[in-house]
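User: Can you walk me through this model? I have some quick questions about its packing.

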Amino acid sequence: MPVEELVAAVRTALAGAADPDKAAPMQAYMKSTMPYLGVGKPERAKALKAVFKDHPLPDRAAWEQAVLALWHDATHREERYAAIDLTGHRAYQPFQDAETLTLYRELIVDGAWWDYVDEIANRRVGPILHADRDGVTPTIRAWSTDPDPWLRRTAILTQLSFKTDTDLGLLADVIEPNLAEKGFFLRKAIGWALRQYAWTDPEWVRAYVDAHESRLSPLSRREAMKNL
C-alpha cells in the first residue's frame with residue numbers, strides 16, 4: 001500500500017517538525033480557517049526529502065491518489081503544501097503534461113487562495129504550457145474566462161517565468177477578459193504579470209499600459225509600472 005504508507009509518513013514527518021509557537025501567526029497571516037502545524041517551508045522541505053525518497057510511488061495513478069489524499073484529508077495546511085510539493089518532485093516529472101491539468105484544476109478551484117494557486121500556476125502549469133504550447137494553450141485561454149476567479153488568476157500568471165519565451169498574444173488574451181474585474185487578486189495578477197514581463201521588454205509593457213489606460217485598474221497599472 002505505497003500510497004497509504006507515503007501519506008502516513010508525510011503526516012508523521014510534518015508533526016515531528018511542528019512548532020506550535022509559529023502555528024497561530026502563520027494561520028493568521030494566511031487568513032486560513034485550516035490550522036497550521038507551524039512548519040516553515042525550509043523545515044518542510046527538509047522533513048519531506050527522505051519521505052519522498054523512501055516511499056516511491058509506482059505510477060501516475062498512485063501519484064495522483066497520494067496527492068489528493070494529502071489534499072482532501074488534510075487537517076493542517078502544511079499537508080496541502082506537501083501535496084503540492086509531491087506534484088513537483090523530480091521522480092514524477094514524466095507526469096507533468098496536459099493530462100495532469102485536470103488534477104491541478106481541482107487543487108486550484110478547491111484551494112481558492114493565493115498561497116496554493118500561485119505556486120501551481122507558476123511552477124506546475126507554467127512548465128507544462130512551456131513544453132506543450134499547442135496542446136495546453138487552449139486550456140489556458142479557457143481558464144481565463146472561467147467563472148472561477150482562481151482559474152483566471154492562474155491563466156494570467158502561467159507565463160511569469162517565461163521571459164523572452166513569453167507568448168505575448170496569449171498574455172494579452174488572458175488579461176483582456178479580466179480587465180473589468182473588480183476583485184483584488186485578479187487586478188493584482190494582471191499587474192504582476194505585466195511587471196514581470198517588463199524586466200524583459202519594458203517598451204512592450206509601457207505600450208500595453210498606454211493602450212489600455214482607461215481599462216486597467218489603478219492597482220494593475222501601478223503594479224505594471226512599478227519598475228519602469
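This is a predicted model: local features need pLDDT of at least 70, side-chain atom pairs count only at pLDDT 80 or more; totals for chains, interfaces and linings use all residues.

User: Which domains does the chain have?

Analyst: Domain 1 (1-95) and domain 2 (121-227). Those bounds come from an automatic or database domain assignment. The C-alpha centres of the two domains lie 29 Å apart.

User: How many residues are in the largest nonpolar core?

Analyst: The largest nonpolar core has 70 residues. Such a core is a set of buried Ala, Val, Leu, Ile, Met, Phe, Trp, Tyr and Cys residues joined through side-chain atoms within 4.5 Å. Domain 1 (1-95) and domain 2 (121-227) each supply at least three residues to this core. Trp 63 and Ile 140 are among the residues with the most contacts inside it.

User: What is Trp 63 in contact with?

Analyst: Beyond four places in sequence, its partners include Leu 57, Leu 86, Phe 95 and Tyr 104. Contact means heavy atoms within 4.5 Å.

User: Switching topic. How many aromatic pairs are there?

Analyst: The whole structure has 13. Rings of Phe, Tyr and Trp (its six-membered ring) pair if their centres lie within 6.5 Å; planes under 30 degrees apart count as stacked, over 60 as edge-to-face and the rest as tilted. Trp 113 and Trp 150 have ring centres 6.0 Å apart and planes at 55°, so that pair is tilted.

User: Where do Trp 113 and Trp 150 sit in the chain?

Analyst: Trp 113 is in the loop between α6 (101-111) and α7, and Trp 150 is in helix α9 (residues 149-157), 37 residues apart. Helices (H or I, at least four residues) are DSSP runs, numbered from the N terminus.

User: Is Trp 150 buried or exposed?

Analyst: Trp 150 is buried, at 10% relative accessible area. Buried means under 20%, exposed over 50%, partly exposed in between (1.4 Å probe, protein chains only). Trp 150 also pairs with Phe 185, centres 5.0 Å apart and planes at 45°, so this pair is tilted. Phe 185 is partly exposed at 24%.

User: Last one. What does Asp 118 touch?

Analyst: Arg 153, Leu 157 and Trp 192, not counting residues up to four places away in sequence. Asp 118 is in helix α7 (residues 114-131). At 12% relative accessibility, Asp 118 counts as buried.

Definitions and conventions
Residues are numbered from 1 along each chain as its sequence is written. Side-chain values use heavy atoms; hydrogens and water are left out. Helices (H or I, at least four residues) and strands (E, at least two) are DSSP runs, numbered from the N terminus.
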